[in-house]
Amino acid sequence: MFESTRKPQSGFGTAIAMSEVIYHSIVRSVRKTHNNAFMAIAMNMLQMVIFVMAFYVMFSVLGLRGAAIRGDFLLYIMTGIFLYMTHAKTLAAVVGSEGPASPMMLHAPMNTIVSICSAALGALYIQVLSLVMILFIYHVAFTPITIDQPFPAFGMLLLAWFTGAALGLVLLAIKPWFPTFVTIFSQIYQRANMIASGKMFVANSLPGFMLAMFDWNPLFHAIDQSRGYTFLNYNPRYTSWEYGFWVGVVLVMIGLMGEFYTRRHASVSWGARR
């Protein structure tokens, strides 16, 4: 009875209010990984550095450095690791976001779209900040690096993030119906992308029968295109960023339809029998 009546807002006012809610949700999603936001970013940077060093040692031991693109070898590894980590982390963040039956949905400004956007943008924030810090340290402390086309190369990172969020949205819509399947599938997908993403090789060096085993993967296209924009001496012939973009758009449409249907039928009591 003492609650003030909510005045109707314009479209711009509604967008501002929604952006404020998403901002606070992003802060919450970043702080969720660790109580200290700096520690959350430092842990992500450490994980990236470990991945890069592990692949550097593996390439050196197996004698595969000659198969890489002519240019900075660590930058070649980083173009694969950064996009793979962004794709996988975004997928995991969106799948693990608050669902329609979560207690957070009891708060009036909160809804599933805010939860999904905050999870995806929070993952992108951590990955981009880690990327900038690692490249800055490598550029200053070790050797100067040169990226042929930095803005298109960064666009491929956004494409890897977009496709990860799109697939995560589809899995999030299925999750209340088949939680065990979604958990197993997301783990298998992330493990399979260790090879299927193509971060260990370039598409131009693959024979035709092997190329058909990888070109279904939008992340494979994004990584190969990013190397084309990063290195002056590499021109991708068998991949295109348009394929990854349209796959992401289709997955987003399917995910939004599935999320809308699930939101109307989801119930807290679903998990009682599990």
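Student: What share of the residues in the protein chain count as buried?
Tutor: Of its 274 residues, 43% count as buried. Buried means under 20% relative accessible area, exposed means over 50%, and partly exposed is in between, with a 1.4 Å probe and protein chains only. Before we go on, this is a predicted model, so local features need pLDDT of at least 70 and side-chain atom pairs count only at pLDDT 80 or more, while totals for chains, interfaces and linings use all residues. Residues are numbered from 1 along each chain as its sequence is written, and side-chain values use heavy atoms, with hydrogens and water left out.

Student: OK. How many helices and strands are there?
Tutor: The protein chain has 9 helices and 0 strands. Helices (H or I, at least four residues) and strands (E, at least two) are DSSP runs, numbered from the N terminus. Along the sequence the pattern reads α-α-α-α-α-α-α-α-α.

Student: And how much of the contact total comes from residues 24 or more positions apart?
Tutor: Among contacts with a separation of 6 or more, 75% are between residues 24 or more positions apart. Contact means heavy atoms within 4.5 Å.

Student: Let's talk core. Which residues touch the most other members of the largest nonpolar core?
Tutor: Tyr76, Ile77, Met78 and Leu83, out of 55 residues in that core. A nonpolar core here is a set of buried Ala, Val, Leu, Ile, Met, Phe, Trp, Tyr and Cys residues joined through side-chain atoms within 4.5 Å. Helices H2 (37–62), H3 (73–95), H4 (112–141), H5 (150–174) and H8 (218–230) each supply at least two residues of this core. H3 gives the most, with 13 residues.

Student: What does Met78 touch?
Tutor: Leaving out residues up to four places away in sequence, Met78 touches Val52, Ile134, Leu135 and Tyr138. There's also another core apart from the largest one, with 6 residues, among them Leu91, Leu167, Leu171 and Val182.

Student: Back to H3. Why is it described as largely enclosed?
Tutor: Because 20 of the 23 residues of H3 are buried, the helix is largely enclosed by the rest of the structure. H3 reaches 34 Å from its first C-alpha to its last, close to the 33 Å expected at 1.5 Å a residue. That expected span is 1.5 Å times one less than the number of residues.

Student: Switching to H8, is Ser226 buried or exposed?
Tutor: Ser226, which is in helix H8, counts as buried because its relative accessibility is 2%. Apart from neighbours within four places in sequence, Ser226 is in contact with Thr79, Leu83, Ala153 and Met156.

Student: Where does Tyr234 sit?
Tutor: In the loop between H8 and H9. Tyr234 is buried, at 9% relative accessible area. Its contacts, not counting residues up to four places away in sequence, are Ile69, Val202, Ala203, Asn204, Asp224, Arg227 and Gly228. The C-alpha atoms of Tyr234 and Gly71 are 9.6 Å apart, though the two are 163 residues apart in sequence.

Student: Asn204 is on that list. What else is it in contact with?
Tutor: Besides Tyr234, Asn204 is in contact with Asn235, Pro236, Arg237 and Tyr238, leaving aside its neighbours within four places in sequence. Asn204 lies in the loop between helix H6 (179–196) and H7, and it is buried at 18% relative accessible area.

Student: And Leu211, which residues does it touch?
Tutor: Leu211 touches Ala203, Leu206, Phe220 and Tyr238, again not counting residues up to four places away in sequence. Leu211 is in helix H7 (residues 208–211) and counts as buried at 12% relative accessibility.

Student: Which helix gives the most to the patch?
Tutor: Helix H9 (residues 241–265), with 5 residues. Leu256 is in H9, and it is partly exposed at 36% relative accessible area.
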